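Me: Could you take a close look at one part of this structure for me, and then tie that part to the rest? I'd like one connected walk-through.

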Number of protein chains: 2
Amino acid sequence: MSDHLLPLINEALAALPYPQAPEGLYEPIAYGLEGGGKRLRPTLLLLAYKVFGQNPTEALPAALALEIYHNHTLLHDDLMDQAPMRRGRPTVYRKWDANTAILSGDTMLIMAVEQMSRLECRASHEVMALFVRTMKEVCEGQQYDMNFERMADVSMVEYLEMIRLKTAVLPACAAKAGALIGGADEAAAQSLYDFAIHLGLAFQIQDDYLDVYGDPKVFGKSIGGDIVCGKKTYLLISALNKAEDQDKARLKALIGDKTIAQDEKIKAVTALYDSLHIAEEAKAAIDRHFALAAQCLDQVKADPERLQPLRDYAESLLGRNV
Amino acid sequence: MSDHLLPLINEALAALPYPQAPEGLYEPIAYGLEGGGKRLRPTLLLLAYKVFGQNPTEALPAALALEIYHNHTLLHDDLMDQAPMRRGRPTVYRKWDANTAILSGDTMLIMAVEQMSRLECRASHEVMALFVRTMKEVCEGQQYDMNFERMADVSMVEYLEMIRLKTAVLPACAAKAGALIGGADEAAAQSLYDFAIHLGLAFQIQDDYLDVYGDPKVFGKSIGGDIVCGKKTYLLISALNKAEDQDKARLKALIGDKTIAQDEKIKAVTALYDSLHIAEEAKAAIDRHFALAAQCLDQVKADPERLQPLRDYAESLLGRNV
């Protein structure tokens, strides 16, 4: 299990040194990092490390780098999306201002690189190159996501490529980096990368699914948010692909309608999804990517017992063993 | 001389690979990097390299890293300062929008790290650590500069520390990195760092001076811009330190006056500066830092002939041999 890793990660994050001055630069960074969250990326990194390596503290700088980088993306994304809340608290640009969010976010990105540059192992150079390539891909994913807002039609291929970049490559970088630091060979490290890509895709499609079909108490966000703002999700794109002429026109009209009451819009779109069996389609896609993730793990030449915590973690992330 | 380095730098920048997709992410980066500029930091880096090393292309990734990082700071600073123009062209956030400036700027920072991580020499690790520390300092300098806008009084010590961080540490990082990559020992590399700190301070104080006393045709910006927006500059802080009660009150009132015509404000503040001999004080400070920079070069144990291009470059930067 991964329960013992969370305190290790949170303690290391809390022990990061913050200069006292200048006022206004480092408080928002500490605020962002203390906000909790699942610590998914550093956990994956350390679990992948432990398949091959004996001393997880050796991989800790890389784990911190990924968590700090992830929180940097949240900080800047929240500003770009004008999102007021994150994990039940005001976002940095709301609590402070836009300039603070820009500059503190930049500093976080630098701190992430700083942590990664502290890595001292044979794979340091390869891991840094992987990290840099991954960060560029995450920016590309965010750009695609912003471009989609202005596009009338987004294909499923385009959508999956966007979430691969925006969501999946960072956990994949975590899994591969952990493996490499632990001493895995290239083939095993690449299998762990692919495992986390499929896990990331399954997780994002599940997030889209839960936005419509989730239990609001468990999901932590209000239901139907994506429908209200007309976001291109796995469900919407599936529905537009599947619907015949009349339903398709109705769905497009509903999504673009800014005058309709929010709950009415959610109800009408959900009814259309239901009639098209979109929930089943999304669940099938989640199952498919989860199965592909498991297959990737099967290809790793390592003691199955040492791989088991990664299997357990993947299951727990998708709510399959709770 | 450094003339032959500029084509080398510009060609390497122009040869950077830009992915075609996603639309909107890489064009602003190419736009920022093709905008010209003095290429001061990569030039300093390569000149410092050539004091010790034989093969400047070995240092090119670090030179590109610093130039890309510098342009990243311009891109984000222009957004934070809401500056409409840069080098005679609209700034990125004006030509595109704020979100484009944020995300393309983030990508530039990652590209800078990417270049630095390509460095392959004995000093690679030390240079990366220096680069990371420097980038954090530049963010701190920008934060101090923004904080100063809201502060009634800024001391000369605070001001000099701000410009050291915001302006001087990046050329200093360039000079030291070039020396280290070339094979310099720590003492020589540190002397080159200190040289560029003083050069950077002299250059920034000269920039403040030229804003009031420069020839608009040569300076490239309209005269008095700092006075109009009440910016805390070397001249203003000197004047507030030197003025007696009545003049001090008048200067503060003038700077804070938003109703007065711009040219009248510039004329009145300049007249006060003149009566307090602030131009002479600024020129003395520039001379002082220039002399300190030269002394730092004197301490470098290297063939004086190989140091001469750095001396020439420092002089040309401050307009002393043209």
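Reply: Before we start, a quick word on helices: here they are DSSP runs of H or I with at least four residues, numbered from the N terminus. Keep in mind too that this is a predicted model.

Let's zoom in on Cys296(B). This cysteine belongs to helix H15 of chain B, which covers residues 278-298. Is Cys296(B) buried or exposed? Its relative accessibility is 11%, and the cut-off for buried is under 20%, so Cys296(B) counts as buried.

What does Cys296(B) touch, once neighbours within four places in sequence are set aside? The contacts are Ser191(B), Asp194(B), Phe195(B) and His198(B). Take Asp194(B) from that list: along the chain, 102 residues separate Asp194(B) from Cys296(B), yet their C-alpha atoms are 6.4 Å apart.

Now for a part of chain B with aromatic rings. Tyr144(B) and Phe148(B) both sit in helix H7 (residues 124-149) of chain B, and because they are 4 residues apart there, about one helical turn separates them. Over all chains, the structure has 12 aromatic pairs. One of them is formed by Tyr144(B) and Phe148(B), with 6.4 Å between the ring centres and 45° between the planes, which makes the pair tilted.

In chain B, the charged end of Lys176(B) is placed over the ring of Tyr193(B), at 5.9 Å from the ring centre. In chain A, Lys176(A) lies over the face of Tyr193(A), again with 5.9 Å to the centre of the ring.

Glu23(B) has a relative accessible area of 62%, so it is exposed. Leaving out neighbours within four places in sequence, the contacts of Glu23(B) are Gln143(A) and Asn147(A). Within chain B, Glu23(B) is 136 residues from Tyr159(B) in sequence, and the C-alpha atoms of these two are 41 Å apart.

Finally, let's zoom out to a whole chain, with chain A as the example. Its secondary structure comes to 16 helices and 2 strands. The C-alpha atoms fill a box of roughly 60 × 50 × 30 Å along the principal axes. For 322 residues, a compact globule would have a radius of gyration near 20 Å, and the 20 Å of chain A agrees with that. Of the 322 residues in chain A, 57% count as buried. Among the contacts in chain A with a separation of 6 or more, 73% join residues 24 or more positions apart.

Definitions and conventions: Residues numbered from 1 in each chain as written. Chains lettered and ligands numbered in written order. Predicted model: local features only at pLDDT ≥ 70, side-chain atom pairs only at ≥ 80, totals over all residues. Heavy atoms only, no water. Buried < 20%, exposed > 50% of the residue type's maximum accessible area, 1.4 Å probe, protein only. Contact = heavy atoms within 4.5 Å. Phe/Tyr/Trp six-rings, centres within 6.5 Å; stacked < 30°, edge-to-face > 60°. Lys NZ or Arg CZ within 6 Å of the ring centre and 35° of its normal. Rg over C-alpha atoms; globule rule 2.2 N^0.38 Å.
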